[in-house]
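Me: I've got a chain here and would like to go through its strands, helices and pocket. Can we take it piece by piece?

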Amino acid sequence: APLAGAEIVQLEAATSEVSLTPFLQSFRDASGVMTVEDVRGRAEQAWAPPDVGRRPAFGFTRDAIWLRFRMRHIGPTPTLWIVDLESTRLDTLDAYVVRSGVVSEHFVTGNLRPAAPRMLDYLRPAFPVPLQPGEEVEFLLRVHTETSVQLPLSIRSVAGYVGAKAETAGATSAFFGYLKALILLGLVFGVITRARGMVAYSAAMVGVLTTYKIMSGSGNWPEFPVRAIIFKQGLILSGEFAMMMMILFLRRLLDLRVTLPTVDRWLVRVSWVNAALTLVFLALPFRVVMTPLFAHVLIMGMVLMMVSLHAWRKGIPAARFYAVAWGVFWASYGISGGFFIAREPMPGPAWEYALQGFVVSATLFLLAIVERVREIQRAANQTQRNLLVAERRAAAQLRLQIRQRQSFIRDLHDGIGGLTANLSILAELGRRQAAAERDREHFARISDLATDGSTEVRSLMRSLEAGEMSWDDLVDEIRRQGRTALEPHGIKFSLTVTGATDQAGPGLFAGPS
């Protein structure tokens with residue numbers, strides 16, 4: 001029987017795309033076990049147009065949601081039409097095509113089971129329905145999922161579907177390709193420079209990429225035996241892992257252990273709290289977890305944004321890019337996720353808006369890294385300039401000390417050297433004029449002591465003036481000192497040298513010793 005109160009979708013040869021929202025009727029199966037025969041046997045009063053805003057949305061529900069509509073092909077030739085569901089993250093879907101009151105085709109798909117062979121299951125489910133000229137069919141769709149139920153349906157021609165698919169695939173590939181490039185860039189740079197912050201950045205991007213792969217349906221592995229774990233617990237793990245890596249990235253980027261040690265200690269505690277929350281989220285039903293998980297991500301984004309603003313206020317310029325990056329992410333993720341949870345969806349899938357926002361955020365995170373590197377370079381250049389100034393000051397001080405030492409040496413030579421020389425001359429004169437032998441011996445002794453004093457003064461002068469002493473210098477000094485000290489007293493001095501004297505000398509310290 002024709003659907004009461006529901007207009008039939010008229011498909012012509014020129015039709016490219018038709019939104020099915022005005023043509024839909026919905027039925028909620030609270031038991032979740034009704035078959036297509038049970039549903040088709042329900043009274044017409046049980047069916048009602050869905051409560052829609054921009055698209056049919058039913059929020060989080062345990063009910064199985066049924067949608068139905070009728071379409072008629074009024075073109076002159078047989079045509080294949082595509083019923084396109086612009087949504088992802090749905091657990092189980094069953095689609096039925098009823099021709100002449102009999103179910104002629106049954107499609108199965110969803111995140112928890114492989115798609116039927118005839119399904120067009122790229123990123124989002126699409127159901128091919130061939131129609132003959134003038135043929136009218138009824139289409140029923142059953143959805144049962146733990147996530148928010150959003151069912152934006154449309155009918156497209158093959159050309160229209162290919163164009164929409166190419167547009168979606170191009171945008172998705174561009175976004176994911178950009179994230180992969182950032183991962184590779186951060187990893188290579190981090191490994192080469194041994195910067196753990198860059199490695200943490202790459203790890204965070206891996207977590208984000210995995211999260212959006214799951215949310216978008218790009219990561220759809222029909223042959224994998226534990227699909228439910230991938231699409232539910234895997235989503236939780238990847239999201240929380242990305243958050244913890246972003247905390248580590250912030251700590252390394254701004255060097256909080258040194259610049260803001262108190263904040264760093266609190267972020268370490270926050271990381272442990274995140275790990276504990278992850279375990280709690282994994283233990284709870286996915287339907288229950290979605291809202292607190294979404295709120296947790298927003299809260300953590302706000303916390304990290306406030307920390308970076310505080311670091312910026314404390315004089316770390318790179319923190320401003322980090323703060324703006326989290327602001328963009330918070331806005332895009334919050335707006336799209338809020339509409340997703342609040343049953344008032346945006347024109348396109350929520351994950352697309354959140355992914356676009358995060359791509360901008362990831363770019364700003366990279367700018368924060370660049371700014372931090374520039375800060376380090378500026379600090380290194382300033383340190384180099386300070387060292388150069390210090391070296392110049394030290395050189396000037398050294399030149400002053402050398403001049404003072406040379407002045408001291410000249411004064412020492414002119415003073416003490418002159419006194420010992422005069423004393424030696426006077427002692428020699430006294431010895432020659434002395435009458436008694438005993439007095440001549442005393443004057444000779446005084447002359448010898450004066451000569452020894454003069455020798456010691458000359459030795460001290462040489463030690464103060466010399467910068468280095470070679471082995472030849474040391475041998476000559478020993479020979480001179482030995483002859484001077486012994487031969488006037490009738491003792492012969494003999495020195496024999498064994499070995500090469502052209503090697504590096506003993507240095508200044510060994511010479512005076």
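Me: Which residue in β12 stands opposite Ser 19?
Reply: Quick note first: this is a predicted model, where local features need pLDDT of at least 70, side-chain atom pairs count only at pLDDT 80 or more, and totals for chains, interfaces and linings use all residues. Numbering starts from 1 along each chain as its sequence is written, and side-chain values use heavy atoms, with hydrogens and water left out. Strands here are DSSP runs of E, at least two residues, and helices are runs of H or I, at least four, numbered from the N terminus. β2 and β12 (residues 153-157) run antiparallel, joined by 3 bridges, and the residue facing Ser 19 is Ser 154.

Me: Which strands sit at the edges of that sheet?
Reply: Two strands count as paired if DSSP finds at least two bridges between them. The open sheet has 4 strands, antiparallel, in the order β2-β12-β6-β9. Each edge strand pairs on one side only, and they are β2 (17-19) and β9 (126-131).

Me: At what angle does α2 run to β12?
Reply: Axes are lines fitted to C-alpha atoms, for helices over the stretch in contact (heavy atoms within 4.5 Å), and angles between N-to-C directions run from 0 to 180 degrees. α2 lies across β6 (79-85), β9 and β12, and its angle to β12 is about 115°.

Me: Which helix gives the largest share of the lining of the largest pocket?
Reply: A pocket is an open set of points on a 1 Å grid over the protein atoms alone, where a 1.4 Å probe fits, with protein on both sides within 12 Å along at least five of seven lines; lining residues have an atom within 4 Å of a point. There are 18 lining residues, with Arg 252 and Leu 253 among the closest to the centre. Helices α2 (158-193), α3 (196-216), α4 (227-253), α5 (256-259) and α9 (350-433) each supply at least two. The largest share, 5 residues, comes from α4.
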